[in-house]
Amino acid sequence: MAKPSPRSAADDSPAQPQEADRLRDLLLAPGYLKLLVLCALIGIPVSLAAFWFLVALHELEHLLWDELPHALGWDTPTWWWPLPLFLVAGVVVGLIAVRLPGAGGHIPALGLHTGGASPSTLPGVLLASVASLPFGAVLGPEAPLIALGGCLALLFRNLARAPATPQSTMLLGAAGAAAAIAAIFGNPLVAAILLMEIGGVAGPQLFAVMLPALLSSGVGALVFSGFGRWTGLETGSLSLELPESSARPDVGDIVWTLVLAVAIAVAMRLVLSAGRRVASFVRSGVWVRTVVCALGAAVCAALYTLITDRSPAEVASSGQSTLSALATDPHAWSVGALLAVLLFKSAAYALCLGSLRGGPVFPALFLGAAIGVLLAPLPGFGTVPAMAVGMAAATTATLKLPVSSVVLVALLLDSPDMMPLVILATVIAFITTELLQPNPGKAGGQLPSSGGETA
């Protein structure tokens, strides 16, 4: 038998530097360390600006939808109240889109984006969002916050006379956007993950690795919790016993999750497709058609009030406050009211996605939660699991950001027992959404850009 040839010393030495060495070299590079310090310093003024921007939006919305109706003698806004407010929103946003640089920011129907904003476009973005969100647009503040944070970061870099390299532009823009958007989500982890996925770090490989990891972790959690409950045996785990925890998912919850995640993903994609059609419609005559679409959203809110005798604010605005009320007392909503708010808010959402300015996150969360409350009475289901599945599936189908959706819904629920259902619904909704994309192979077989649709 021939003896194996001895290995030379060169065989044991890697041909290329190890990844750990590369990372250490990057972290120790003087330029990168200075950039980190600059990002930390920039986070302070950006966060303050985001805070006061959100305060201004909240106070103006409170004035228009609460204080003024009360001053006129109404407990809630009357049915026609959305009409003049949306008229103002449509006129102002239409003028900004035509006259100011940047057209008031990205069209929400095309998803969240981190690029394209500059200090010259920031005034138009802020004015368009102030004219949209407090006046009733069915959108959230996350898109203008991303633009605000990114633009301020680049502005401060220029004031500090730091080198304007492509790397610094990308990193500072992402850092500023993350600092700003953390203000609305109240959690820096959500902001960091959201910006990472929107930026498309690692491209399709990121999703190719994340989905199996998400799915296996969710299934593993179901198996462990199931066997622990069925056998009475315990395993060591890193967990905290929190008071008032909800019941753990059972077989019925899992079965309904598999069905509803697909159905909700399909429904949300229909709403987003309608929003893109509205955007195409508006593009042919921006000012006039922006006003028409804004008034169409107002009519949706007015019809909802005429039919249900409930406040038009439940259809108008982002749904953030209404979501809190829905989660606190879901039994206060009849089946008819839930069906009506789903119908009219979806229609108003599609109209606003294609015409006004803002972000798509909060209305999607509300619609998913409302679907969950509506379907909670299904056999073997429950309100908390149904809302968890609804919000996870709706957010994932809207944003196409699976990890961000999981973290965001988990943060809102604050229920570790619901995490397996959230993960399962997220993965199913994401795969369903990708399968619904028209002819992805003709575009080179790549996934659409993270956090948005290609125009």
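Student: Why does the span of helix 11 (residues 286-308) agree with 1.5 Å a residue?
Tutor: The expected span is 1.5 Å times one less than the number of residues. For the 23 residues of helix 11 that should be 33 Å, and the end C-alpha atoms are 33 Å apart, so the two agree. The helix itself is a DSSP run (H or I, at least four residues), numbered from the N terminus. This is a predicted model, in which local features need pLDDT of at least 70, side-chain atom pairs count only at pLDDT 80 or more, and totals for chains, interfaces and linings use all residues. Residues are numbered from 1 along each chain as its sequence is written, and side-chain values use heavy atoms, without hydrogens and water.

Student: Which residues of helix 11 are buried, and what covers them?
Tutor: Buried means under 20% relative accessible area, with a 1.4 Å probe and protein chains only. In helix 11, those buried include T290, V291, C293 and Y304. Their cover includes helix 4 (82-99), helix 10 (251-283) and helix 13, where contact means heavy atoms within 4.5 Å.

Student: Why are helix 5 and helix 6 called roughly antiparallel?
Tutor: Angles run from 0 to 180 degrees between N-to-C directions, with axes fitted to C-alpha atoms over the stretch in contact. Angles over 145 degrees count as roughly antiparallel. Helix 5 (residues 122-132) and helix 6 (residues 142-159) pack at about 155 degrees, with axes 10 Å apart; they are therefore roughly antiparallel.

Student: What makes the contact between helix 5 and helix 6?
Tutor: L122, V125, L126 and S129 of helix 5 meet P144, A147, L148, C151 and L152 of helix 6.

Terms used. Helix = DSSP H or I, 4+ residues; strand = E, 2+ residues; numbered from the N terminus. Buried < 20%, exposed > 50% of the residue type's maximum accessible area, 1.4 Å probe, protein only. Parallel < 35°, antiparallel > 145°, perpendicular 65-115°, else oblique.
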